[in-house]
Amino acid sequence: MRILKIKATGLNLFSDSLELEFVTQQRVRNESSEMLFKIAPKIYQNNVLAFIGVNASGKTMTLKLISFIIQMLNNESINKIEKNEILNGISNNEKITLETYFSVELENVYKLVTIIKKDENSIEGESKYIIEDEKIWKKAIKDIKTRKSLFEFDGLDPIQVRKGDEEFLPEDVSIVIAINKKSNTKIYYRDLINMTNINLIRILGDFPKELITFLDPSIEYIKPVVDKSEEKVEIRLKFKGKEEIIMYRTSEMAKYLSSGTIKGINVFMYAMMVLERGGYLIVDELENHFNKEIAATLIRFFLDHEVNKNGATIIFSTHYAELLDEFERNDDIFITRNNGGITVENLSKILKRNDIKKSEAYESGYLRGTTPMYEAYIDLKTAIIETAANLR
């Protein structure tokens, strides 16, 4: 299953409707050289989606929305999805509409419209939600001739409608479960949003020696041994020219490994899984604990035909404008802003040429709202001067 487009209306933190397209919006000039995944003739999926903006512009909340929809499409209860905080803030008479377009086995494209409201029976202080109404439309990919027609379902009757009396369907689970069971499909994904500031190894396995050397050349090896029968773990760590260190808890590794090495192991190991299966990797603040080259290397793997053979997609947020220069295209970059509500704008809508250096356009303020406001800078400068004077 591949997500093609998301449209969300009624979310408290977002301004008006939010639309995110996962397919290319600019012309594809060279199918063989551009790192894209072909969905249909002249329709391609971007394998890297970057969200960039100033602090508190809504990058993390946008990633959480994507993660929420992936989990909803994977049959998860909307009340049990960890990222369901995006629903917070709606009153009893308000509704959230999620419009999701996705493909299954590159044979059919589906349009799913899900209307969510607050459960009137929620206990005070605890918000619960139900799916009030839902419809699914379907059409064959072979009948799609243009990118515009990809999202047009006018004149088609829904193939499934939520009636509200389904015997075995909980009121907080999407009817997409029927399609998933019939096609035996789910979205493979790894969500690292909550690991941004946690300095802890999240995965144990055979870490490739090449990965460890890339992250820290001073390490000779890291060998985790997991005894599942006794629920024990033993981690052997050896630095070059030093005695071997044996640890029995993953938390001990933070004593010896840098935060960058720990994050690198987590992110690159999960990236390998996603690249193998053609799924989604979601990372918040990709550059956190990384130098620019390590972050850029990860992006390049998803843009490399030899490495990314199954159309895997990395979705990440960043403050590093320089990372934007890794992209040849503009339509895989989104600018987030928050002015009374989060908005997300595709870079291709405001920067028509691909040959302009993206980092310079971002840092110069040409893209509007991508640099701290001058007035805020002056106010901060004044406050620092006054505070320093009072401390004398």
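Strand 7 is mostly covered, with 10 of its 11 residues buried. The model is a predicted one, and strand 7 spans residues 108–118.

Strand 7 pairs with strand 6 in the antiparallel sense, over 10 bridges. Within this pairing, glutamate 99 stands opposite valine 113 of strand 7. The connection is a hairpin, with three residues between strand 6 and strand 7. Glutamate 105, in that turn, has a positive phi of about 55°. As background, most residues other than glycine have a negative phi.

Strand 7 is also joined to strand 8, residues 129–140, by 11 bridges, and these two strands run antiparallel. Here lysine 117 stands opposite isoleucine 130 in strand 8. In general, side chains in a regular strand alternate between the two faces of the sheet.

These pairs belong to an open sheet of six strands in the order 2-1-6-7-8-9, with antiparallel pairing. Strand 2 (17–21) and strand 9 (160–161) stand at the edges with a single partner strand each, so one side of each has no neighbour in the sheet. For strand 2, the pairing with strand 1 (residues 2–9) is antiparallel and runs over five bridges. Lysine 5 has glutamate 21 in strand 2 as its bridge partner.

The loop between strand 1 and strand 2 holds aspartate 16. Aspartate 16 is not a glycine, yet it has a positive phi of about 55°. Its relative accessibility is 66%, and aspartate 16 therefore counts as exposed, the cut-off being over 50%. Asparagine 184 is another residue other than glycine with a positive phi, near 55°. Asparagine 184 sits in the loop between helix 3 (177–183) and strand 10 (189–191). With a relative accessible area of 71%, asparagine 184 is exposed.

Helix 1, residues 59–73, lies across strand 7 as well as strand 1, strand 2 and strand 6. Its direction is at about 65° to strand 6.

Phenylalanine 334, in strand 16 (residues 333–338), touches Leu20 and Glu21, among others. Phenylalanine 334 and leucine 49 are 285 residues apart in sequence, while their C-alpha atoms are 7.5 Å apart in space. Phenylalanine 334 has 2% relative accessibility and therefore counts as buried, the cut-off being under 20%.

Among contacts between residues at least 6 apart in sequence, 63% join residues at least 24 apart. The chain has 392 residues, of which 51% are buried, and its elements number eight helices and 17 strands.

In soluble globular proteins, nonpolar side chains tend to be buried together. The largest nonpolar core here has 52 residues, and those touching the most other members are Ile222, Leu257, Ile265, Leu281, Leu286, Phe302 and Phe316. Helix 5 gives the most to this core, nine residues. Setting aside neighbours within four places in sequence, isoleucine 265 is in contact with Ile201, Ile203, Phe207, Leu211, Ile212, Leu215, Ile222 and Leu257. Another core, of 49 residues, lies apart from it and has Leu63, Phe102, Ile116 and Ile179 among its members.

Helix 5 (residues 259–277) also packs against helix 6 (residues 292–302), where the axes come within 11 Å and cross at roughly 5°. The two helices are therefore roughly parallel to each other. On the side of helix 5, the contact is made by Val267, Phe268, Ala271, Val274 and Leu275, and on the side of helix 6 by Ile294, Leu298, Phe301 and Phe302. The residues of this contact divide into nine nonpolar, no polar and no charged.

Note on methods
Residues numbered from 1 in each chain as written. Predicted model: local features only at pLDDT ≥ 70, side-chain atom pairs only at ≥ 80, totals over all residues. Heavy atoms only, no water. Helix = DSSP H or I, 4+ residues; strand = E, 2+ residues; numbered from the N terminus. Buried < 20%, exposed > 50% of the residue type's maximum accessible area, 1.4 Å probe, protein only. Contact = heavy atoms within 4.5 Å. Axes fitted to C-alpha atoms, helices over the stretch in contact; angles between N-to-C directions. Parallel < 35°, antiparallel > 145°, perpendicular 65-115°, else oblique. Nonpolar A, V, L, I, M, F, W, Y, C, P; charged D, E, K, R; others polar. Pairing = 2+ DSSP bridges. Core = buried A, V, L, I, M, F, W, Y, C linked by side-chain atoms within 4.5 Å.
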